[in-house]
Amino acid sequence: GMAHSQTLQRLSSGSWAVADEPLCPRSLVEMVIQEARTQPWGPHHLHSQLPETLPERICGDPGRLRSALGAVLSFALANSSSGHIEVGALWDGAGSKGTAVFYVQDASPGLFPAPEKGSLTDVIRRNADHLKSHRLGLEVAERLMSSLQGRLVTETDRLGGLIFRMEFPSR
């Protein structure tokens with residue numbers, strides 16, 4: 001609610017400079033999970049997936065990434081039917097440049113009635129009736145990612161679970 005509106009205002013005003021500094025993807029994921037555990041979501045099973053190949057440090061904007069990942073995780077928790085949610089990070093790159101990916105995967109089938117793939121805006125528009133809450137948070141996350149020259153995409157896996165991928169160029 002309030003926090004999302006403030007973030008949108010900051011993004012719209014253009015006064016929020018984009019940071020490009022070293023950050024630890026592992027710590028960022030763990031921090032967002034810890035914050036989510038303090039929320040009154042009811043029973044859920046949150047865990048992280050952080051592969052060995054993940055670099056110790058990548059460059060990015062820790063504030064924006066934390067806000068975006070937190071908003072997507074809140075959405076998944078609020079709308080999940082099983083509460084089994086994985087939060088992770090991946091590095092897709094050679095040498096010092098690549099694409100960093102943070103993702104939230106909800107194992108519960110049936111959030112969307114049909115298999116989905118594509119831009120988040122389209123997916124949400126098609127499924128607006130089913131989604132309980134936190135749609136504003138997804139909008140905020142999408143804006144945050146585009147401010148980092150990245151994108152937020154979503155797809156359903158073959159079992160009907162949902163994956164949100166936040167991808168952005170990094171080094």
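**Close-ups of the core and its salt bridges**

**View 1. The largest nonpolar core.** In this predicted model, the largest nonpolar core has 39 residues, and the ones touching the most other members are Leu-69, Leu-73, Val-87, Phe-102, Val-104 and Met-166. At least two core residues come from each of helices H1, H2, H3 and H5 and strands E4, E5 and E8. Helix H3 (62–79) is the top contributor, giving 9 residues.

**View 2. Zooming in on Met-166.** Skip the neighbours within four places in sequence, and Met-166 still has a list of contacts that includes Ala-68, Leu-69 and Val-72, plus Ala-100, Val-101, Phe-102 and Val-104. Met-145, Arg-151 and Leu-152 are in contact with Met-166 too.

**View 3. Asp-20 meets Arg-171.** These two form a salt bridge, with the closest N and O atoms 2.5 Å apart. Asp-20 sits in the loop between H1 and strand E1 and Arg-171 in the segment after E8, so the pair ties together parts 151 residues apart in sequence. Arg-171 is partly exposed, at 45% relative accessibility.

**View 4. Glu-35 meets Arg-66.** Here the closest N and O atoms of the salt bridge are 2.2 Å apart.

**View 5. Arg-151, Arg-165 and Glu-167.** A network of salt bridges links this trio. Between Arg-151 and Glu-167, the closest N and O atoms are 2.8 Å apart. Arg-151 lies in strand E7 and Glu-167 in strand E8, so their pairing ties together parts 16 residues apart in sequence. Arg-151 is partly exposed at 48%, whereas Glu-167 is buried at 12%.

Note on methods: Residues numbered from 1 in each chain as written. Predicted model: local features only at pLDDT ≥ 70, side-chain atom pairs only at ≥ 80, totals over all residues. Heavy atoms only, no water. Core = buried A, V, L, I, M, F, W, Y, C linked by side-chain atoms within 4.5 Å. Buried < 20%, exposed > 50% of the residue type's maximum accessible area, 1.4 Å probe, protein only. Helix = DSSP H or I, 4+ residues; strand = E, 2+ residues; numbered from the N terminus. Contact = heavy atoms within 4.5 Å. Salt bridge = Lys/Arg side-chain N within 4 Å of Asp/Glu carboxyl O.
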